[in-house]
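Visitor: I have a structure open here and would like to talk it through with you. Can we start with the core?

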Amino acid sequence: MRFPINDPILSDFVNIDIPLNNFKSYAKDIEEFLDNRFLETVVAREGDEEDEEDEEDEEENYEGEDDSFIRSLNSFSFFQGEKYRYGIEFPHIMRTSLFYTCFAFLENYLIKACKYIRQRKRVDLDISDLRHNGIEKAQVYLKKVAGVNFPDKSPDWSYIRKCNKVRNLLIHNGGYIDGNNEKQIKEIESIKGIRLNKNFFENRIILDDTFCLEFIEKMRVFIREVSKEISPPSPF
């Protein structure tokens, strides 16, 4: 999908597939790396007889002590170990970081689209004049200010709005949501590639290894839908 190459504002989006394919390749490469490191850690741990002997020594040293204290030490040891880092924490950091980057890319695209359409239609109002935020601001500007047929009835826009709520929860609330908010829980669990790690009071949002790839493809389809409305057919 190509924009007119003489477009001064969207010139860095001449081929939108290039950055999106880079995001996709990055996700696959890092997931593969983390999977391999995790498996290496598991194999090394299972084959390490010295670690087993150390564990037996620790049990002897702590014999007679309070069981809850021993469990807390074991738990702390797990969260410091490579199995936790490569199996849980590093994948979480990578996926959330990539998700933030992809969403920022989408917002930047929509802002550029607003600037492009303002220039082309000579609209007086600038997107910065609106009080809305993020992707909703771009939606209002393109649809209500510039008169663009914005695809906000499409399933991809609905999906992106749900993901925007997830992003806000990850950024502003550490990915935790109230365990009593059944409506929010149901909405988040309806998103492919997202699950909730539940406890009595809070639920933590977990992105699995398919989520970022799914989001990238949904974003690709949505950007193509928007581009059809803002860009006239290219003569080339």
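Visitor: Which residues touch the most other members of the largest nonpolar core?
Guide: In this predicted model, the largest nonpolar core has 52 residues, and those that touch the most other members are Phe99, Leu110, Ile205, Phe211, Phe215 and Ile230.

Visitor: And which element gives the most to this core?
Guide: Helix H4 does, with 13 residues, while the other elements that supply at least two residues each include helix H1 (17-46), helix H6 (155-173), strand E3 (202-207) and helix H8 (211-230).

Visitor: What does Leu110 touch, not counting residues up to four places away in sequence?
Guide: Leu110 touches Ile135, Ala138, Phe150, Phe222 and Val226.

Visitor: Switching topic: how many disulfides does a search of the whole structure find?
Guide: The search finds zero disulfides, and for Cys102 the nearest cysteine sulfur is that of Cys212, 6.2 Å away.

Visitor: Are Cys102 and Cys212 buried or exposed?
Guide: Cys102 is buried, with a relative accessible area of 1%, and Cys212 also counts as buried, at 6%.

Visitor: What about Lys121, where is that found?
Guide: Lys121 lies in helix H4, which spans residues 82-121, and is partly exposed at 40% relative accessible area.

Visitor: What does the side chain of Lys121 reach?
Guide: The Lys121 side chain reaches the backbone oxygen of Ala146 at 2.9 Å, and, leaving aside neighbours within four places in sequence, Lys121 is in contact with Ala146, Gly147 and Val148.

Key: Residues are numbered from 1 along each chain as its sequence is written. This is a predicted model: local features need pLDDT of at least 70, side-chain atom pairs count only at pLDDT 80 or more; totals for chains, interfaces and linings use all residues. Side-chain values use heavy atoms; hydrogens and water are left out. Helices (H or I, at least four residues) and strands (E, at least two) are DSSP runs, numbered from the N terminus. Buried means under 20% relative accessible area, exposed over 50%, partly exposed in between (1.4 Å probe, protein chains only). Contact means heavy atoms within 4.5 Å. A polar contact is a pair of N or O atoms within 3.5 Å; within protein, one must be able to donate a hydrogen and the other to accept it, and residues adjacent in sequence count only if both atoms are side-chain atoms. A nonpolar core is a set of buried Ala, Val, Leu, Ile, Met, Phe, Trp, Tyr and Cys residues joined through side-chain atoms within 4.5 Å. A disulfide is a pair of cysteine sulfur atoms within 2.5 Å.
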